[in-house]
Amino acid sequence: VAAVEPLPERRSLLAAALPFTQALLAQVGRTLARAQAALAWPEGSPPSPLPPPSPFAPLSDADLRTYLGPGGRLLRPHDLRLHVYHGGVEPGLRKVVWRYLLNVFPAGLSGQERLAHLRRKAGEYAALKALLAARAAPAELALVGAAVRKDVVRTDRGHPYFGGPEDGHPHLAALQALLTTFALGHPRLSYCQGMSDVAAPLLAVLDDEAQAFLCFC
């Protein structure tokens with residue numbers, strides 16, 4: 001465009017626009033200069049103050065009990081989520097709390113009812129995994145399995161839970177199984193690269209294939 005000689009009628013438009021363009025660029029330059037001056041600390045000035053501390057410490061077992069009522073029922077799910085949002089969760093409690101945050105349990109279950117719910121869901125998962133594997137065409141099963149395997153063998157291998165030889169590795173096999181089951185059960189979505197990075201920490205923390213599948217879903 002710069003190499004094209006403007007037509008006579010366009011020259012007048014360019015000439016008329018030039019002062020406005022120059023004034024605009026000059027104003028932008030002055031604005032940037034003021035912004036840089038405002039952001040630059042003079043030598044020897046104190047650094048900016050740190051942000052205020054989080055209003056919550058990481059959720060502890062004692063904290064979790066304050067959100068539970070008789071029989072271990074979760075009475076204040078919204079407050080629990082806010083606490084975790086602001087403060088996080090103590091590592092040893094993630095296995096318990098993540099199941100609340102990822103909606104594994106229906107509302108209002110007692111502690112015993114939650115255990116029964118997990119046992120029931122484990123049986124449903126085992127049946128679903130077998131059904132989908134048996135119903136899938138061999139070509140589809142091979143294609144999905146290969147796509148999942150490509151990611152499984154390189155996901156978090158530096159973590160102790162997934163480290164070690166690939167052959168016969170139970171945790172790699174569990175990650176492969178839950179992702180393959182999800183892909184076969186959701187054929188329009190199937191498997192997408194990166195799903196393993198979501199499922200792997202769930203499996204490593206929960207240490208249970210069926211529960212990790214529920215949380216992943």
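The legends below describe close-up views of side-chain contacts in a predicted model.

Local features need pLDDT of at least 70 and side-chain atom pairs count only at pLDDT 80 or more, while totals for chains, interfaces and linings use all residues. Residues are numbered from 1 along each chain as its sequence is written, and side-chain values use heavy atoms, with hydrogens and water left out.

**View 1. Phe182 and Phe216 form an edge-to-face pair.**
Rings of Phe, Tyr and Trp (its six-membered ring) pair if their centres lie within 6.5 Å; planes under 30 degrees apart count as stacked, over 60 as edge-to-face and the rest as tilted. The count comes to 4 aromatic pairs. In the pair shown, the ring centres of Phe182 and Phe216 are 5.0 Å apart and the planes stand at 85°, so the pair is edge-to-face. Phe182 belongs to helix α7 (residues 170–185) and Phe216 to helix α9 (residues 209–216), so the pair ties together parts 34 residues apart in sequence. Helices (H or I, at least four residues) are DSSP runs, numbered from the N terminus. Phe182 is buried at 9% relative accessible area. Phe216 is also buried, at 14%. Buried means under 20% relative accessible area, exposed over 50%, partly exposed in between (1.4 Å probe, protein chains only).

**View 2. Arg114 sits over the ring of Phe105.**
The charged end of Arg114 is 5.8 Å from the ring centre of Phe105. A charge sits over a ring if NZ of Lys or CZ of Arg is within 6 Å of the ring centre and within 35 degrees of the ring normal.

**View 3. Asp61 and Arg65 form a salt bridge.**
A salt bridge is a side-chain nitrogen of Lys or Arg within 4 Å of a carboxyl oxygen of Asp or Glu. The structure holds 8 of them. Here the closest N and O atoms are 2.9 Å apart. Both residues lie in helix α2 (residues 61–66), 4 residues apart, about one turn of the helix. Asp61 is partly exposed at 37%. Arg65 is exposed at 58%.

**View 4. Lys129 and Glu209 form a salt bridge.**
The closest N and O atoms are 2.9 Å apart. Lys129 lies in helix α5 (residues 111–135) and Glu209 in helix α9, so the pair ties together parts 80 residues apart in sequence. Lys129 is partly exposed at 30%. Glu209 is buried at 19%.

Arg149 meets Glu166 at 3.9 Å, N to O. Arg149 lies in helix α6 (residues 138–152) and Glu166 in the loop between α6 and α7, so the pair ties together parts 17 residues apart in sequence. Arg149 is partly exposed at 31%. Glu166 is partly exposed at 37%.

Technical notes: Helix = DSSP H or I, 4+ residues; strand = E, 2+ residues; numbered from the N terminus.
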